[in-house]
Amino acid sequence: MSNHVYKMIELTGSSSTSIEDAVQRAIGKASDTLHNLNWFEIVDTRGHIEGGKVAHWQVTLKVGMRLDE
């Protein structure tokens with residue numbers, strides 16, 4: 001087993017559909033330009049209310065990626 005070094009970044013994704021969609025959007029966008037994404041942790045969840053209903057989700061994640069050897 002190799003020893004690795006990881007970097008953590010913080011991302012915030014948003015969605016009018018769901019918390020899961022907000023997470024998928026953040027990770028999907030990050031994976032367009034970053035590589036070796038390995039794990040994530042949800043650190044904050046917020047929402048926007050309109051007309052007595054949830055209109056928008058916003059989820060902040062810590063994402064870990066393995067640095068190149």
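**Entry 1, I42.** I looked up I42 and found this residue in strand β2, where helices (H or I, at least four residues) and strands (E, at least two) are DSSP runs, numbered from the N terminus. The model is a predicted one, in which local features need pLDDT of at least 70 and side-chain atom pairs count only at pLDDT 80 or more, while totals for chains, interfaces and linings use all residues. Residues are numbered from 1 along each chain as its sequence is written, and side-chain values use heavy atoms, with hydrogens and water left out.

I noted that I42 has a relative accessible area of 41% and is therefore partly exposed, given that buried means under 20% relative accessible area, exposed over 50%, and partly exposed in between (1.4 Å probe, protein chains only). Leaving aside residues up to four places away in sequence, I42 touches V23, V59, T60 and L61, contact meaning heavy atoms within 4.5 Å. I also checked I42 against L11, and the two are 31 residues apart in sequence and 9.7 Å apart in space, C-alpha to C-alpha.

**Entry 2, the sheet.** I traced an open sheet of three strands in the order β1-β3-β2, with antiparallel pairing; two strands pair if DSSP finds at least two bridges between them. Because β1 (6-15) and β2 (37-50) each have a single partner strand, they stand at the edges, and one side of each is left without a neighbour in the sheet. Neighbouring strands of this sheet are turned by 15° against each other on average, direction ignored, with axes taken as lines fitted to C-alpha atoms, for helices over the stretch in contact, and angles running from 0 to 180 degrees between N-to-C directions. Helix α1 (residues 19-33) packs on the sheet and touches β1, β2 and β3, its direction making about 130° with that of β1.

I then went through the pairings: β1 and β3 (residues 53-66) are antiparallel over 10 bridges, and 12 bridges join β2 to β3, again antiparallel. K62 in β3 is the bridge partner of E10, and E41 also stands opposite K62. The hairpin of β2 and β3 has two residues between the strands, and G51 in the turn has a positive phi of about 60°.

Most residues other than glycine have a negative phi. N36 counts as partly exposed at 21% relative accessibility. L67, in the segment after β3, is 31 residues from N36 in sequence and 7.2 Å from N36 in space, C-alpha to C-alpha. Not counting residues up to four places away in sequence, L67 touches V5, Y6 and K7, and at 36% relative accessibility L67 counts as partly exposed.

I searched the whole structure and found two salt bridges, each defined by a side-chain nitrogen of Lys or Arg within 4 Å of a carboxyl oxygen of Asp or Glu. One joins the side chains of R25 and D21 (2.9 Å, N to O), both in helix α1, four residues apart, about one turn of the helix. R25 is partly exposed at 49%, as is D21 at 22%. D44 forms a salt bridge with R46, with the closest N and O atoms 2.2 Å apart.
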